[in-house]
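Reader: Please take me through one part of this model closely. I want the cut-offs stated as you go.

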Amino acid sequence: MNETILLICLAFIVIAAIACAMFRSMLKCAVSLAVVSALLACVLYLMGATWAALFELSVCAGLVTVVFASAISLTSTSRHQPENEEEHRKRVAGLPFILIATGMMLMVVIAATGFHIEPQANAALVGLSFKDVLWNMRQADVLGQIIVILAGAFAVAILFKESDKA
Amino acid sequence: MSASFTSLIYTYIGFPLLAIVVLNLIGKKHMEKFCAPIGCAVGVVQAVTSVITMLLLLQYNKAAVNFSQFWDMSVSTEAAYFSVDAISAIVLFCIGMVTAASFLTAAGMREEKMFNYTNVMLILVLGMSGIALVTDLFSLYVFLEITGIASFVLIALHRDIIGLEGSFKYLVMSAVASAFILAGLSFIYMETGSLRYDAVAEMLAGNTAAEPMLIWLAFLFLIAGFSIKSGIVPFHGWLPDAYQSAPAPVSVVLGGIVTKMAGVYAIIRIMSDFLLGTYSVINLAFMLLGLLSIVMGALAAIAQGDFKRILAYSSISQIGYIVLGASTGSMIGLIGAVLHFFNHATFKTTLFVNSAAVERQTGTTEIERLGGLQKQMPVTGVSSVLAFLSTAGIPPLAGFWSKLLIIIAAWQAGGPLIAGIALVASILTAAYFLRLQRKVFFGPVEEHLSTVKEARGGIAVSAVALSAVTVVVGLLFPVLLQILQAQGLL
């Protein structure tokens with residue numbers, strides 16, 4: 001069951017990563033990157049690295065995305081500009097190569113590991129559920145995440161709204 | 001006892017969060033005129049709560065109180081939780097005091113974007129309170145980022161070119177600092193398997209690190225990261241631009257508390273929780289950085305021509321004193337550092353409020369275009385004199401006592417040369433403030449300023465209240481020193 005979820009997560013990581021490389025809007029890129037980080041956190045958790053998963057979720061999916069969004073909102077490049085046909089063709093032309101390269105890399109990884117994943121248990125976390133780790137052990141970070149989301153929402157609302165008016 | 005503590009302690013996080021929810025549920029249209037009173041109330045409640053917390057800690061003779069109302073702390077020994085001790089209570093008081101002063105200044109300046117300013121300021125208060133309350137290095141990092149994000153937005157609030165430039169510089173430098181801090185934390189985690197303050201302190205005290213090189217590397221990264229966030233020389237490039245470009249009420253909070261919470265507080269925590277009673281290369285590194293900041297900050301302040309830029313470079317110099325005190329590794333140095341943190345929050349907030357008053361009434365902060373404002377603006381002039389005398393360490397004002405403790409500790413730890421440099425730099429402080437005072441307030445009134453009047457309302461109230469704190473704390477300082485001596489801390 002875990003291996004199936006793992007495969008699905010990995011597949012979506014690849015899709016989100018490609019989307020991140022393909023989007024022209026920097027904000028969409030940042031969101032795609034956050035999705036990659038969130039899925040990677042799931043993979044890390046399924047592989048037994050609970051702490052790493054939480055840190056990945058907190059730092060990459062949460063904090064870094066908000067910092068990216070803030071930085072994007074402070075620049076004018078976030079505004080959409082019409083793309084000419086040649087630019088669009090050049091960008092899309094790279095997609096099949098990316099997909100082929102990704103597929104080959106996955107095949108090499110699967111061939112080398114046989115895809116047998118043994119979760120590594122951390123002694124300090126034995127017997128604790130995800131809920132225990134997230135809710136009871138990292139309560140300060142959970143509160144921090146809520147405030148980070150609030151901060152990001154205000155940053156985007158205040159700076160983007162003004163940017164649109166300008 | 002515990003119930004009274006937890007209900008008090010939850011005020012720090014709960015009250016600002018409640019204010020944000022209420023403001024946004026009712027909406028900008030109806031709440032805009034209540035923003036300043038609500039923000040001011042949040043600051044005052046926080047300051048009062050921290051005083052009560054301190055009194056309760058003294059009454060029950062406890063060093064710290066841990067709390068976690070919504071969660072089960074006993075689930076694991078690795079669980080992170082909040083805690084408040086004497087140092088946290090003092091910095092929480094500073095946060096409350098500066099927040100109230102900033103909202104009063106915003107009301108006095110008739111801030112155009114009051115609703116947005118209030119929301120982001122309340123997030124900033126939450127971030128800074130979190131920094132003071134956490135007991136885990138990773139949670140500290142999370143709240144540092146919250147403080148950083150709120151600061152970027154506040155600096156760029158008006159979306160003018162100068163604000164965006166200052167905000168962008170702060171954003172870039174802050175991102176670099178965060179990368180250093182995260183790298184340092186990951187090395188510590190590799191050695192200890194935990195980022196809790198007590199676990200790291202235990203590992204350092206027992207010298208049980210399997211790879212001591214990793215710990216040195218970790219502290220190297222942490223020193224760099226926290227020094228950038230503190231604006232210590234040579235990592236100070238972003239600070240004057242950020243202070244100068246921010247709207248006046250934001251400068252008050254940036255100069256008064258944000259930089260200190262984002263960097264200096266973490267340095268104090270490292271020194272008090274991990275390295276107290278030791279004198280290692282880490283102490284020496286912080287001591288040299290502190291000294292460099294004291295001297296370079298003061299020298300650069302003399303050459304500035306803008307009120308806010310002089311205050312920014314003065315902040316770099318005064319932050320150097322706090323770092324110097326904390327780096328001595330002695331209790332007297334630590335007490336001096338924490339008290340100078342408090343004093344700096346008071347007198348620097350007063351001076352930024354004064355610069356806001358001058359900006360509002362004259363339309364400029366360039367000192368060459370100002371002169372003779374003492375007669376027109378007596379409250380601003382007198383509060384400015386009191387704040388600068390305290391900054392320069394003139395007795396009996398509060399700044400004298402904290403600098404005295406820091407210089408004694410520096411003498412004991414590093415010898416007369418380091419103490420002497422710190423002492424001489426105080427004369428430089430007096431030099432740049434005398435120049436500022438003479439150019440802005442003394443001498444004949446400039447013709448184009450003859451109709452200028454004193455700033456009324458919130459600006460005057462906060463200048464008077466903060467000056468009163470500087471004078472009263474200075475006069476009561478001998479009593480505080482006696483209490484510390486009775487506790488065996490001096």
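Which residue stands opposite Val65(B) in E2(B)?

Author: Val84(B) in E2(B) stands opposite Val65(B). First, the ground rules. This is a predicted model, where local features need pLDDT of at least 70, side-chain atom pairs count only at pLDDT 80 or more, and totals for chains, interfaces and linings use all residues. Residues are numbered from 1 along each chain as its sequence is written, chains are lettered from A and ligands numbered from 1 in the order in which they are written, and side-chain values use heavy atoms, with hydrogens and water left out.

Now the strands. Strand E1 (residues 64-67) of chain B pairs with E2(B) in the antiparallel sense, over four bridges. Strands are DSSP runs (E, at least two residues), helices likewise (H or I, at least four), numbered from the N terminus. Two strands pair if DSSP finds at least two bridges between them.

E2 (residues 82-85) of chain B is covered on both faces. Phe82(B) and Val84(B) lie on one side, Ser83(B) and Asp85(B) on the other, and all are buried. Buried means under 20% relative accessible area, exposed over 50%, partly exposed in between (1.4 Å probe, protein chains only).

Step back to the chain. Chain B has 19 helices and two strands. Of its 490 residues, 63% are buried. Contacts use heavy atoms within 4.5 Å. Among those between residues at least 6 apart in sequence, 80% join residues at least 24 apart.

Next, the cores. A nonpolar core is a set of buried Ala, Val, Leu, Ile, Met, Phe, Trp, Tyr and Cys residues joined through side-chain atoms within 4.5 Å. The largest has 164 residues, and Ile257(B), Met261(B) and Phe341(B) have the most contacts inside it. Helix H11 (residues 248-274) of chain B gives the largest share of this core, 17 residues. A second, separate core has 12 residues, including Leu324(B) and Ile407(B).

Look at Met261(B). Leaving out residues up to four places away in sequence, Met261(B) touches Val91(B), Ile95(B), Met128(B), Ile131(B), Ala132(B), Leu144(B) and Phe341(B).

Ser151(B) sits in helix H6 (residues 137-155) of chain B. Ser151(B) counts as buried because its relative accessibility is 1%. With residues up to four places away in sequence left out, Ser151(B) touches Leu124(B), Tyr170(B), Leu254(B) and Val258(B).

Last, a contrast. Val22(B), in helix H1 (residues 2-26) of chain B, is partly exposed because its relative accessible area is 33%.
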